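Please keep the sequence and the structure in view while reading.

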Amino acid sequence: MKQVLNKLYLLLLLPLLMVSCVKDVNPTDAITTATVTQSYTGMLDALNGAYALFKDHEVFAGSTDLNNMYLRQYFECSDFASDDIVCGQTTTDPLYYSFSLDHTTTQTNTRYFWYISYKIINDVNTIINAMNGSSNLNAASQQLLGECYFLRAFAHFGLVKFFAKPYTQAPDGAGVILRTSVDDPAQKARSTVREVYQSIIADATKGASLMNASRGVMYGTKEAAWALLSRTYLYEGNNDSTAYYATEVINSGKFSLTTAATFPAMFANATTASETIFCIAFTALDDYGKSGSIASMLYSDGNSGWGEEYASQSLRDTMSAHPEDVRWSYIVPDTSNGQLQYKNGIPKYYITKFSFQNGSPTLSSPIIFRLAEMYLNRAEAEAKAGHTQAALDDVDIIRKNRGLQNSLYNDQLPNGKTALGIVLKERRIELAFEGQRTFDVYRNNLSMNRTYWGYHLPGLQESDIDLSKQPTGYSNMIIQPSDPRTIYYIPIDEIQTNPLCTQNP
């Protein structure tokens, strides 16, 4: 009876909650045309404010939640639904929806991600509107305008990945709402996936043409726009354009692969790392500690974080043939007196790609684009185009710099292997925990195999776990690319205030 009353109470309360957050659905409060002058200083301040939205805690639905941060939701909604990270317990934190695939229209993480993405888009639209009224923009102002187009493309790309089926599955299916003007009506229908991709590509291309006065890797640059284009075309299945833009970045001469010696320190020093093309720069003032940081979910030194999500058995098995691989440096077993520790029966292998900037276990400047991805984007495109030798050459370039110089393919395809399979395996290891695995699997129409012990398995009890065997009889072990749960519901805020917006099945 109590559960029935609670549900009734929530149903009665929901409309009142929605009234309080209606103004949040169309985020227009941060930047207005009146506050963005056509001066360089005004544009700079406004644009830097848009960048800050990737890491700030914004008021949402009338309150501020330290767990609400664009990047935190970006990584958890992608990686926690993958086969790279395992959950060590059930939890009421919305991140658990990604592990369990038991999505709802009211889960806070996707609601906030939708909200803050459109807030970023609205802010840069306002700047674009103000700047496009200027004539004869100098190089510095053109750079800022280009960054706006880049950010708009990036934000739309994040949305279409989470809330729409991959382009390779349903190019004419429902995408997301395109907002490319300050004059867009609040009530607007979803564009198709194809239309969203076309807009992303157009914005990134325009941004690249304008950005010729780089402000550094923590801001949009011509090369960052090329990197976005390479990734977008890869997800679209356009091999030629994927390879073209990857090569543009590689041949720019501005980046170099980290080596086996320098790779282990790259993520803690993202803003100065030789591979970094674009990152979101955090400072000591942005160190959110145990509450709110990305690292707090994945690592703990005993006090610094919750450390309840770990590198999965599946990923560790994939890497097991090469203990000399320096990419192991970001997978750290939690030991006490030389003994591996467990949480509710799950071995604790911490993930440290989001830790140790300035020595802090909870501080990092997450890398969004880096050079290794460009080699792997090109390798995948080459493999799909039938250029096996070129694909293996690009993979070997990565392996040479990861301590695997004695385990190169040397243009020889191993028996029983495909070039694409080799590229995707290398991609999984190299880009682990960087928000790409789920998209890599489903856009290639592959199944996600999560047949390992973890609390993504419905009803799992610690007493059920036998690490000497694989689990059997549970749902959520093999996720087919056609499964509707591979994407998230459009948040209830949008559905209730915008009758033109259709819901995902």
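## Terms and model

Helices (H or I, at least four residues) and strands (E, at least two) are DSSP runs, numbered from the N terminus. The model is a predicted one, in which local features need pLDDT of at least 70 and side-chain atom pairs count only at pLDDT 80 or more, while totals for chains, interfaces and linings use all residues. Residues are numbered from 1 along each chain as its sequence is written, and side-chain values use heavy atoms, with hydrogens and water left out.

## The largest cavity

Seven cavities of 30 Å³ or more are found in the structure. On a 1 Å grid over the protein atoms alone, a cavity is a set of points where a 1.4 Å probe fits but cannot get out; a pocket is an open set with protein on both sides within 12 Å along at least five of seven lines; lining residues have an atom within 4 Å of a point. Points are joined across faces, edges and corners, and a volume is the space filled by probe spheres set on them.

The volume of the largest cavity is about 240 Å³. It is lined by 23 residues, of which Lys161, Pro166, Phe439, Thr486 and Ile487 are the closest to its centre. Two or more lining residues come from each of helices H3 (70–79), H6 (139–163), H7 (193–210) and H15 (437–443); H15 gives the most, with four. The lining comprises 15 nonpolar, four polar and four charged residues (Ala, Val, Leu, Ile, Met, Phe, Trp, Tyr, Cys and Pro count as nonpolar, Asp, Glu, Lys and Arg as charged, and the others, Gly among them, as polar).

## The largest pocket

The largest pocket has a volume of about 560 Å³. Among its 27 lining residues, Ser314, Thr318, Arg428, Asn449 and Tyr452 are the closest to the centre. Helix H11 (313–319), strand E8 (346–347), helix H14 (419–430) and H15 each give two or more residues to this lining, and the largest share, five residues, comes from H11. By class, the lining of the largest pocket has 11 nonpolar, eight polar and eight charged residues.

## Helices H9 and H12

The axes of H9 (residues 239–250) and H12 (residues 371–384) come within 8 Å and cross at roughly 150 degrees. Axes are lines fitted to C-alpha atoms, for helices over the stretch in contact, and angles run from 0 to 180 degrees between N-to-C directions. H9 and H12 are therefore roughly antiparallel to each other (an angle over 145 degrees).

Technical notes: Angles under 35 degrees count as roughly parallel, over 145 as roughly antiparallel, 65 to 115 as roughly perpendicular and the rest as oblique.
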